[in-house]
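My notes follow in the order I checked things.

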Amino acid sequence: MRQRLLDVLHLLDATPAPRGNERTAAHRLRAWCAHRWPHVEWRVLEHGPAGGSLVATHGAGPLLYSHLDTSLDDGGAHNGLVTGDAAPVGPLGLDGDVVAGFGLGVARGPVAAALVAFAEAGAGRLLLAGSGTHRRSGGITGLEAYADAYPLPRSAIVAKCGPPTLLWHEPGALYLTVRVTGRSGAAMVAESATPPGGVVASAGVVLDELARWRTDYLAADPRAGQTGRACGVGAISGGWPDKPDLLPAQLRIDLYVVAGDRVDPALLAAELADRLRARCARSVLRDCAVVVEAEPVAAAAATPADAPVVTAARAAWLDEFGAQPPPITGWTGSTDGVVLRARGVDTVRLGPQAKPAADDPRRDALSLGRLTACARIYRRLLTELPA
């Protein structure tokens, strides 16, 4: 199994699969799998302009899910906006038990484990979904396309890196967009803009209040089950980089918000807007308009702790690691597991723990031994759980 995992990891490392453009990678992976496991019918489920997922079935059984796309694309035009480094990322490498590579933690490590486990199990269903990472205005996801084309089973296993334990609760997520709008002007005449000097120059007022709001939002976390809350400012924009002599009329700030409890996105946006308006009214931004919009991603969801898939996963974990899955609270990572649960599918999530590689934080590092152990658990659950 270890060598098969490495073979898949090397293939994935050589095949870019940016979100929404996984079709080429899915077809290449299908051809590779069909050559090695010809008794399985491997299919590519195409969706959107260039999206693609790898689908296979061994008859009745649970769904083993992972996502094929990486959050970023090695060499992609937008990577430097996040990483601050536009240089190419090095290839997959193995040093003892540690394997390191681009996209290994967000997708490729669990994908390899899920693929090999499914091929060896001879039971269940596999979905390596395109468009599985969160993205605004991302169109149809691979899971949505799969659910439209195939009946969903009663239970599913999400193969995804995360904490060193078993998850059956997952938080929801949403985006918030803050727009503060004044009047444009010219840099050479600072007073021509509202506020004087331009709205972007006073971004600190808005950011300071957002930091205070974030503190209060996190403090109100009810810690529902295994999950918790999180919030971060992910993007700030305003103006035209090619024309900095013009002072822009609008400042835009985008936030990603996680909630382990059920929150109303519209109500959250309204409360934040009222708070920002009150703060701006006491500053040079008093004559600016403030608007906050919410874009839901998914709501928090939980599988009952006594559901068959949870019970079976606990038993497999105990046999594999010699101890029960460690308890956890405050987990803030969300996957398509919440989407599966919303569709009535009892779901558990488990996978190895990834960390930034020591030589390049854009690469992920994880234990190949732990990845192999997770693959064995996936294989066991595929053979033991009913359809």
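I started with β11 and strand β13 (residues 250–259), which pair in the antiparallel sense over seven bridges. Strands here are DSSP E runs of at least two residues, helices are H or I runs of at least four, and both are numbered from the N terminus. I count two strands as paired if DSSP finds at least two bridges between them. S237 has R252 in β13 as its bridge partner.

Before going on, I noted the ground rules. This is a predicted model, numbered from 1 along each chain as its sequence is written. Local features need pLDDT of at least 70 and side-chain atom pairs count only at pLDDT 80 or more, while totals for chains, interfaces and linings use all residues; side-chain values use heavy atoms, with hydrogens and water left out.

**Four-stranded sheet**

I then traced the sheet around that pair. Four strands form an open, antiparallel sheet in the order β11-β13-β9-β14. β11 (230–237) and β14 are its edge strands, each pairing on one side only. Neighbouring strands are turned by 20° against each other on average, direction ignored. For such angles, axes are lines fitted to C-alpha atoms, for helices over the stretch in contact, and values run from 0 to 180 degrees between N-to-C directions.

Next I looked at the helices on this sheet. α6 lies across β9 (172–181), β11 and β13, at about 10° to β13. Helix α7 (residues 265–281) touches β9, β13 and β14, and its direction makes about 155° with that of β14. Contact means heavy atoms within 4.5 Å.

**Six-stranded sheet**

A second open sheet has six strands in the order β1-β2-β6-β3-β7-β16, with mixed pairing. β1 (42–47) and β16 (346–350) stand at the edges with a single partner strand each, so one side of each has no neighbour in the sheet.

I picked one pair to follow. β2 (residues 51–57) and β6 (residues 125–129) pair in the antiparallel sense over four bridges. L54 stands opposite L128 in β6.

Helix α4 (residues 104–121) lies across β1, β2, β3 (63–67), β6 and β7 (155–159), and runs at about 155° to β3. Helix α8 (residues 308–321) lies across β7 and β16, at about 25° to β16.

**R23**

R23 lies in helix α2 (residues 23–36). What does its side chain reach? A polar atom of the R23 side chain lies 2.8 Å from the backbone oxygen of G48. Another entry puts a polar atom of that side chain 2.9 Å from the backbone oxygen of G51. Not counting residues up to four places away in sequence, R23 touches E46, H47, G48, P49, A50, G51 and G52.

Most residues other than glycine have a negative phi, and most peptide bonds are trans. I found an exception of each kind. T194 and P195 are joined by a cis peptide bond, with omega about 0°. P195 is in the loop between β10 (185–186) and α6 (203–219). S131 has a positive phi, near 55°. S131 sits in the loop between β6 and α5 (142–149).

**Second largest pocket**

Which residues lie nearest the centre of the second largest pocket? They are R19, H134, T141, E144 and V297, out of 22 lining residues. A pocket is an open set of points on a 1 Å grid over the protein atoms alone, where a 1.4 Å probe fits, with protein on both sides within 12 Å along at least five of seven lines; lining residues have an atom within 4 Å of a point. β14 gives the largest share of the lining, four residues.

Note on methods: A polar contact is a pair of N or O atoms within 3.5 Å; within protein, one must be able to donate a hydrogen and the other to accept it, and residues adjacent in sequence count only if both atoms are side-chain atoms.
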